[in-house]
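This report describes selected side-chain and helix contacts in one structure. The sequence and the model are shown first.

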Amino acid sequence: HNIALNRPRTLTVAHILDWGSPITLSSTAPSPPDILLAADCVYFEPAFPLLLQTMRELMGTGTVCYFCFKKRRRADMGFVKMARKVFEVQVVKDDPDGGVWEREGLHL
């Protein structure tokens, strides 16, 4: 539904992934993807390693991941700490609306 609303100009494919399970993508999905968009995936601390495993398997050296989550508990920042051990993590700081989403406890 979000893909249709945003009307991207390039091939965009959505997939539901079972973290930690083998990845099977449709034949139309580029492998690895150029961009991985993940939102609100940080909510259950025991699943953090499975999420990271799935991201590692899905992403290639040229993949850029945009990852957004709302910090609900102190443990949620533990995901970022774990991700920094696996990926190059950069916090978005140049968004003119950053103050708005930061006040809501959102991280990008």
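L17 lies in the loop between α1 (2-6) and β1 (35-39); helices (H or I, at least four residues) and strands (E, at least two) are DSSP runs, numbered from the N terminus. L17 counts as partly exposed, because its relative accessibility is 27% (buried means under 20% relative accessible area, exposed over 50%, and partly exposed in between, with a 1.4 Å probe and protein chains only). The C-alpha atoms of L17 and T54 are 8.1 Å from each other, although the two residues are 37 apart along the chain.

The model is predicted: local features need pLDDT of at least 70, side-chain atom pairs count only at pLDDT 80 or more, and totals for chains, interfaces and linings use all residues. Residues are numbered from 1 along each chain as its sequence is written, and side-chain values use heavy atoms, with hydrogens and water left out.

**Aromatic pairs**

There are four aromatic pairs in the structure. Rings of Phe, Tyr and Trp (its six-membered ring) pair if their centres lie within 6.5 Å; planes under 30 degrees apart count as stacked, over 60 as edge-to-face and the rest as tilted. Two of the pairs are tabulated here.

| Pair | Centre to centre | Angle between planes | Class |
|---|---|---|---|
| F48 and F79 | 5.5 Å | 75 degrees | edge-to-face |
| F67 and F79 | 5.0 Å | 20 degrees | stacked |

The pair of F67 and F79 connects strand β2 (residues 64-70) with helix α3, across 12 residues of chain. F48 belongs to helix α2 (residues 48-58) and F79 to helix α3 (residues 76-86), 31 residues apart. F48 is buried, with a relative accessible area of 2%, and F79 is buried at 3%. F67 also counts as buried, at 12% relative accessibility. Together with F69, the residues F48, F67 and F79 form one aromatic cluster.

**Packing of α2 and α3**

The axes of α2 and α3 are 10 Å apart, and the helices pack at an angle of about 35 degrees. Axes are lines fitted to C-alpha atoms, for helices over the stretch in contact, and angles run from 0 to 180 degrees between N-to-C directions.

On the α2 side, the contact is made by F48, P49, L51, L52, M55 and R56, and on the α3 side by D76, G78, F79, M82, A83 and V86, where contact means heavy atoms within 4.5 Å. By class, this contact has nine nonpolar, one polar and two charged residues. Ala, Val, Leu, Ile, Met, Phe, Trp, Tyr, Cys and Pro count as nonpolar, Asp, Glu, Lys and Arg as charged, and the others, Gly among them, as polar.
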